[in-house]
Number of protein chains: 2
Amino acid sequence: MSKQQPKTIQELLTPCFVVDKLILNRNAEKMLHTSKSLGVQLRPHMKTQKTLEIGELMTGGTKSTICVSTANEAIFFSKGGFKDILYAVPISEQKIHICQKLVKEGVDLKLMFTSYYGVECMKKNPRPDGAKWSAVLEVDCGYGRTGVEFDSDELVGIGKSASEADNIDFMGLYTHCGDTYDAKNVAGIQNINDSTSDRLNEAAKRLTDNGIKCLVIGTGSTPGCNQPTPKMANLTEFHPGCYIFNDLSMTMNGANLISDIAIRVATRVIDHKKSKNYLIIDCGFTALSLDGIQDGMGYEGMCSFQGHPELKLKGMTQELGKVSAASGTIDLNRYPIGTILFIYPWHACHTAALHPVYYVHDGDNVTDAYRPTRGW
Amino acid sequence: MSKQQPKTIQELLTPCFVVDKLILNRNAEKMLHTSKSLGVQLRPHMKTQKTLEIGELMTGGTKSTICVSTANEAIFFSKGGFKDILYAVPISEQKIHICQKLVKEGVDLKLMFTSYYGVECMKKNPRPDGAKWSAVLEVDCGYGRTGVEFDSDELVGIGKSASEADNIDFMGLYTHCGDTYDAKNVAGIQNINDSTSDRLNEAAKRLTDNGIKCLVIGTGSTPGCNQPTPKMANLTEFHPGCYIFNDLSMTMNGANLISDIAIRVATRVIDHKKSKNYLIIDCGFTALSLDGIQDGMGYEGMCSFQGHPELKLKGMTQELGKVSAASGTIDLNRYPIGTILFIYPWHACHTAALHPVYYVHDGDNVTDAYRPTRGW
């Protein structure tokens with residue numbers, strides 16, 4: 001850490017992204033404990049936080065068995081000493097060339113595929129060291145994004161074509177149960193956990209019945225893994241990522257509590273707009289973002305000011321935010337220019353992605369500055 | 001440029017941000033010409049593009065007379081040899097300390113203030129070299145964000161307090177007419193141009209009548225400066241920034257044409273989701289962003305696929321986008337996995353802010369890679 005760096009979060013230049021060390025540690029420990037108690041391997045996803053330091057924390061210091069969302073992350077974490085990396089997006093011709101380079105450099109890289117295209121892609125582009133590509137088949141258990149439908153005929157066909165390929169080591173099945181974000185409450189999340197587990201096991205059974213081994217059966221979304229169910233003990237791997245930070249969107253359905261959120265955007269009041277009855281803060285959409293807000297949801301739920309339920313973010317321009325009263329008029333004198341405010345972001349992944357530095361604090365003391373990787 | 005860098009935009013790894021050199025040059029030239037023909041000094045804003053190379057282009061090679069939106073940009077452009085920098089956000093105690101350091105390092109920095117607080121802030125925190133702070137007063141001419149109301153009593157009071165301060169060189173008035181983004185058509189934009197010019201001049205006259213000189217009277221928004229009116233010749237400075245890229249949002253009211261947009265996000269089809277009848281592309285909200293979409297506007301207008309009016313971005317997760325048909329069903333066979341698509345972003349400022357590199361191309365040839373600054 002540079003000597004010039006402020007020693008307390010109150011002294012930090014705003015806007016900036018601050019990470020509470022105690023909550024960070026607790027979130028990391030909790031997920032390690034959850035996985036262990038269910039007998040499931042934790043393969044934490046690096047996509048949300050993208051730093052070596054927090055990655056190490058998420059793996060319990062082992063630097064092993066992680067998921068990444070971009071080739072850039074695979075390179076970054078590999079250079080940082082991480083082993084056993086699953087590149088968890090459907091593999092395509094363009095990206096497999098980078099994967100070939102990565103394994104040549106010694107990365108223990110695993111791929112994901114969703115279709116016959118993916119199988120052909122691996123067959124046509126062998127590992128440069130002559131070893132087999134280790135790969136998982138992505139399954140759609142109801143979320144409806146990527147992956148082959150768990151109950152489709154294609155599942156067995158694609159699984160068979162991969163397991164029969166000379167240069168593919170078919171590991172098993174993976175799913176992302178992102179539908180847990182849309183659940184209404186904890187019971188809703190847990191229903192999705194159970195149906196996802198059932199469907200994954202059903203899919204694995206159909207493959208096994210056809211002579212195709214499934215050593216890995218994995219799922220992972222932060223709401224799901226934050227609120228696990230006993231049925232998840234039937235799985236072999238979890239790959240959540242956002243749990244290390246948690247966020248405001250997940251307080252809506254009980255996936256995390258406000259007190260579980262490790263991240264905040266620090267901002268300051270820089271002006272009073274008396275005629276419009278709002279505060280101007282130095283946090284605009286390049287520091288907070290609307291992304292993750294669902295269509296039609298409006299501004300109301302987009303963030304929360306810690307300790308100030310009376311405040312509402314009315315809107316943002318590039319570098320400025322407008323803050324009004326949640327109801328009625330705001331007493332501007334309560335918030336003099338210079339007042340520091342802390343915002344819980346709506347969606348951790350996007351807000352984190354906007355910041356070149358994360359300031360880690362222990363209470364009021366800034367103890368570290370972590371630098372996430374960027375790009376694809 | 002690294003030797004490894006692809007030579008054509010088709011070979012670039014996706015998702016990535018590409019900038020069309022010809023359109024970039026044309027946009028730069030056009031704004032220099034507009035300003036010159038109206039006899040107004042162009043002080044281009046660096047906030048949208050944030051690179052030294054494009055900054056130089058925007059200033060016609062002079063590297064002089066620019067606006068910035070963050071202290072970080074002031075440092076970055078100063079180190080890059082740029083002179084005469086206006087730090088165009090309301091100055092506050094926390095940031096004036098950085099400004100003191102900047103002027104100590106030789107930066108010709110100008111400040112902006114909006115209130116008595118700002119005047120006091122400059123009075124209490126003098127320039128370390130004993131010179132006066134050059135500063136402009138931000139005026140609200142109807143946009144309703146920051147700035148003192150053009151017709152308020154406070155305007156004269158604040159202007160007077162600044163002009164009477166021993167250590168302030170009161171330059172004049174600045175406004176941001178961001179309401180032009182919400183205009184319905186070119187006539188609407190031009191009405192705002194005229195009323196903004198009238199109101200700024202009215203405000204300047206009230207100051208002059210009170211013995212306060214206003215050498216600078218400036219306005220700037222890309223819609224306004226892209227569609228100028230003769231009345232704008234009454235002003236002294238323009239400070240638009242987004243015009244160098246332009247974007248899709250501004251095609252809605254005619255502030256720019258699609259053919260004026262210099263930027264696109266390049267993406268590839270990486271999967272077919274047959275059961276849901278959509279394509280999966282490798283562009284999610286960390287590469288494109290929903291920010292800039294107005295509340296309730298929905299997804300329909302959030303981007304446009306160049307040459308493919310039949311496609312619609314249905315939604316995005318962190319690293320993936322779902323593309324469906326604008327109407328009816330999509331013929332997935334028309335878009336094999338690997339197909340490259342180019343997206344015009346909705347709002348240039350936010351999408352640019354997500355990318356660590358801009359690939360500059362001349363036709364299909366990638367000629368340069370510019371690296372924008374980030375942070376505050």
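**Interface of chains A and B**

The contact between the two chains takes 61 residues from chain B and 61 residues from chain A, contact meaning heavy atoms within 4.5 Å. The model is predicted, so local features need pLDDT of at least 70 and side-chain atom pairs count only at pLDDT 80 or more, whereas totals for chains, interfaces and linings use all residues. Residues are numbered from 1 along each chain as its sequence is written, chains are lettered from A in the order in which they are written, and side-chain values use heavy atoms, with hydrogens and water left out.

About 5000 Å² is buried between chain B and chain A, 56% of it on carbon and sulfur atoms; buried area is the accessible area (1.4 Å probe) lost by two parts on being put together, summed over both. On the side of chain B, the most area is lost to chain A by B:Gln94, B:Arg145 and B:Trp376, together 15% of what that side buries.

Across the interface, 10 salt bridges are found (a side-chain nitrogen of Lys or Arg within 4 Å of a carboxyl oxygen of Asp or Glu). A salt bridge joins the side chains of A:Lys273 and B:Asp140 at 2.5 Å, N to O. Of the side of chain B that touches chain A, β11(B) gives the most, with 4 residues; strands are DSSP runs (E, at least two residues), numbered from the N terminus.

Superposition of chain B on chain A gives an RMSD of 0.0 Å, by a turn of 180 degrees and a shift of 0.0 Å along the axis, with least squares applied to the C-alpha atoms of residues with pLDDT of at least 70 in both. The two copies are thus related as by a two-fold rotation axis.
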